[in-house]
Each structure stands twice: as C-alpha cells, then as structure tokens.
Amino acid sequence: MRDHDLPALERRSRGKSRFDDDEPQFLKRGRPTEPLADPDSDPDPDTGERWSSWDDAVHGPQPHPDWLVTELAAKDTELGVLKTGKEADVHLVRRAVPDSDRSCLLAVKRYRDPEHRLFHRDAGYLEGRRVRRSRENRAMAGRTAFGRQMIAGQWAAAEFDALARLWEISAGYDRIAVPYPVQLRGTELMLEFVGDAESGEAAPRLAQLRPDPAELRDLWNQLVEALRVLARAGYAHGDLSPYNLLVHRGRLVVIDLPQVVDVVANPQGPEFLARDVRVVGTWFAARGMPTEQVDPGVLTGELLREAGIR
C-alpha cells in the first residue's frame, strides 16, 4: 500500500439530509448489505488465504483510492489482531493479487455476535435512528434476539455511512482525516489501514504519546478543526477520547465512529458533543495546554453554533 494523504473534505450544505439509519444513502444503491453465501469463504489451511469479498460487499465512495485493490482475482490473508474491544475486534488483512505487485493492508472490524457484544448505553446513541417497519422498531426496543441483530447491523452501517460521508465532504479549508471505508459486508467493516505499510504496525493512539509543547498545540488545532467539520456535518463523535484518535506522521486521524450521533435529531446530541469536548480537553490540559485554550464550555458553544443549534 502506497503512502498517501487523506483527501480534503467538503462542507455540507445546510440543505443536506441529516444522518438517519432509515435508509442510509449507500443502501439505496441496491448493493447487498448481508454477506452472500460463499463456498470459498473458508481460508486455505496452508496459506490462510481466501478469495477477496469485494464482489459481494457494499463499496466505499468513488473514486476509489489508487492504493485500493479491487481486482476480483485478489486474495485476502489474515495477518493478526490489531485490537480487541467490547463491541468488535479489529484484524489486519493483506489483500493482494497473486503473482503481481498489487497489494494493500486493510483493518477489518468485526462486530461481535449479538449474544457476546457489550454495547453499553446504546439506547442513548440509538435515539434519532429509526427503521421504517414497526416490527423492527419493536424488536429493537425489546432487545429480542432479532432486535439485537438489527442493532448490530445498525452499528456497522452507521460507522460505514458516517465515514463515507466525511470522506466525501470537501470544500476549501475544511479538512478531517478518517480512514477510507473500503467495504461493508453484513457486520464486517473493512477500512484503510492507518500505520506503517511495511511492518504492519498501526499508528499510535493519541493516549500513547507525550508530545512536546509545539506538537501538542498542533494536535489540538487539528482536533478543533476536525470537531468543527463534524459539527457542520451535523455530527458528534459520541465517544471521543485520546484512545480513538490516531496520530500518523503528525496527522490526527479520527476513528471508531459506530456510535456517531446526529446532534439535531438525537435529543441528547448536545450532551454527547459536550462530553466529547470535555474528555479530550481534559487530556490536553493535563499535558500542558493552557486551560483557557481548552475551555470545554467555549468550544462546545462554538460547535453547537456550527451545527446550527444555537
């Protein structure tokens, strides 16, 4: 996978549709959203390879990046686990065309089986998200087995849709770095790998770093700009912390967006946004940023105005 910059993102017009899981835009393209039966889905016991799942997945926004392997002759090889979590595990996969130099690394996020996932406080995040059929709404509200499966699919679809929208937003000075959403297949989400392509080492999380004063100021400025872009798009991250911000070659990259919140449609949206600001502001202040520069009340008010709430 070649080194590349994440593209600039455009400000959405005020007339845009808000985030809504009723019918995310990518679902309207007629692509399947559940994995299709695939007799070749089991990996080769000797090589660990399996055929690429690109053909039966929902694809990320076009144009696809040059580094992305989309050939149907490609094979996917599991390289290990990048991260384990309460809701999903992230695996490292190499997608390559045999007997060629075409290959790329992907981060593959696999949401846990509904019986074993531990989404906490999910009712608050799901406010403002509705499906059209009352049967599904009742099942989700009652947390039946079917309802839990519906919720699992919503988390994966929500993250894919948010990343796709943020990737496509681009107008002049608006910039936010997010991983390119490669494909969605059921509750498996494939993303651009952010890290060293040679070693397969993921970029460090912000929480792991001890930046000097100049680096700290630069990272804070990048974060504020990212939060502004999110707010203009109508979003709050919903669970922002130094643990879901990566730093790759000095660039701040926002990750882990399944719980993204529509700050207008969700009655608790402003509260989620305020919590995001408070958590990251506390981290920066503890590492030496002047308190007046990371005042959570001031920044929260600015972001709510950007979202058109105040």
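Reply: The largest cavity is lined by L227, L230, A231, Y235, A236, H237, L273, D276, V277 and L303, where a cavity is a set of points on a 1 Å grid over the protein atoms alone at which a 1.4 Å probe fits but cannot get out, and lining residues have an atom within 4 Å of a point. This is a predicted model, in which local features need pLDDT of at least 70 and side-chain atom pairs 80 or more, while totals for chains, interfaces and linings use all residues. Residues are numbered from 1 along each chain as its sequence is written, and side-chain values use heavy atoms, without hydrogens and water.

The structure holds 2 cavities of 30 Å³ or more, and the largest has a volume of about 50 Å³, volume being the space filled by probe spheres set on the points. Its lining has 8 nonpolar, 1 polar and 1 charged residues, and helix α4, strand β10 (235-236) and helix α5 (269-286) each supply at least two of the lining residues.

The 20 residues of α4 (213-232) should span 28 Å at 1.5 Å a residue, and because its end C-alpha atoms are 29 Å apart, the two values agree. Among the buried residues of α4 are L227, L230 and A231, each of which also lines the largest cavity; buried means under 20% relative accessible area. An α-helix has 3.6 residues a turn, so residues three or four places apart point the same way. Just after α4, G234 takes a positive phi of about 90°, and Y235 and A236 belong to the lining.

Terms used. Helix = DSSP H or I, 4+ residues; strand = E, 2+ residues; numbered from the N terminus. Expected span 1.5 Å × (residues − 1). Buried < 20%, exposed > 50% of the residue type's maximum accessible area, 1.4 Å probe, protein only. 1 Å grid on protein atoms, 1.4 Å probe; cavity = no way out; pocket = protein on both sides within 12 Å on 5 of 7 lines; lining within 4 Å. Nonpolar A, V, L, I, M, F, W, Y, C, P; charged D, E, K, R; others polar.
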